Amino acid sequence: MLNDKENKQSGTVDEQEQLSRVYNLTQNIALQLEQSRISEYTQLLNRPWKLIGLNLLAGTARGVGIAIGFTFFAATIIYALQALGALNLPIIGDYIADIVRIVQRQLELS
């Protein structure tokens, strides 16, 4: 008889532990869904014009960023090539000077 009572009590304790684990897991999943902002994403999908506008804005910002980054990168390379050209290295200096002249002509034409 005592064994039956102990088994029932241990069974309810195990069930309570399992229910507690399931509850905690469900809470974690709900928290992760809230953090992923999936509801805002689904609302955005229901409004296609807002989605188009946001994508247009993001694409424009990305394009401007790429243009500014490339300009900075190209200016740095040209500056380094001019500095190397000033060193009058035998073969490399002439090649670099030609590249700098070509780039400067293209900039003047633009």
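**Basis of the description**

Helices (H or I, at least four residues) are DSSP runs, numbered from the N terminus. The model is predicted, and local features need pLDDT of at least 70, side-chain atom pairs count only at pLDDT 80 or more, while totals for chains, interfaces and linings use all residues. Residues are numbered from 1 along each chain as its sequence is written, and side-chain values use heavy atoms, with hydrogens and water left out.

**Packing of α2 and α3**

Two packed helices are described by the angle between their axes and the distance between the axes. Here helix α2 (residues 38–46) packs with helix α3 (residues 48–86) at about 105°, and the axes are 5 Å apart. Axes are lines fitted to C-alpha atoms over the stretch in contact, and angles run from 0 to 180 degrees between N-to-C directions. The two helices are therefore roughly perpendicular (65 to 115 degrees).

On the α2 side, Leu-44, Leu-45 and Asn-46 meet Pro-48, Lys-50, Leu-51 and Leu-54 of α3; contact means heavy atoms within 4.5 Å. The residues of this contact are five nonpolar, one polar and one charged. In this classification Ala, Val, Leu, Ile, Met, Phe, Trp, Tyr, Cys and Pro count as nonpolar, Asp, Glu, Lys and Arg as charged, and the others, Gly among them, as polar.

**Length of α3**

The 39 residues of α3 reach 57 Å from first to last C-alpha, close to the 57 Å expected at 1.5 Å a residue. The expected span is 1.5 Å times one less than the number of residues. Just after α3, Asn-88 has a positive phi of about 55°.

Helix α4 (residues 90–109) has 20 residues and should span 28 Å at 1.5 Å a residue; its end C-alpha atoms are 30 Å apart, which agrees. Gly-93, Ile-96 and Val-100 are its buried residues (under 20% relative accessible area, with a 1.4 Å probe and protein chains only). They cover an arc of only 70° around the axis, so they lie on the same side of α4. The arc is taken from the directions from the helix axis to the C-beta atoms. What covers these buried residues includes α3.

On the other side of α4, Ile-91, Asp-94, Tyr-95, Arg-105 and Leu-109 are exposed (over 50%). Asp-98, also in α4, is partly exposed at 38% relative accessible area, a class between the buried and exposed cut-offs.

Notes. Parallel < 35°, antiparallel > 145°, perpendicular 65-115°, else oblique.
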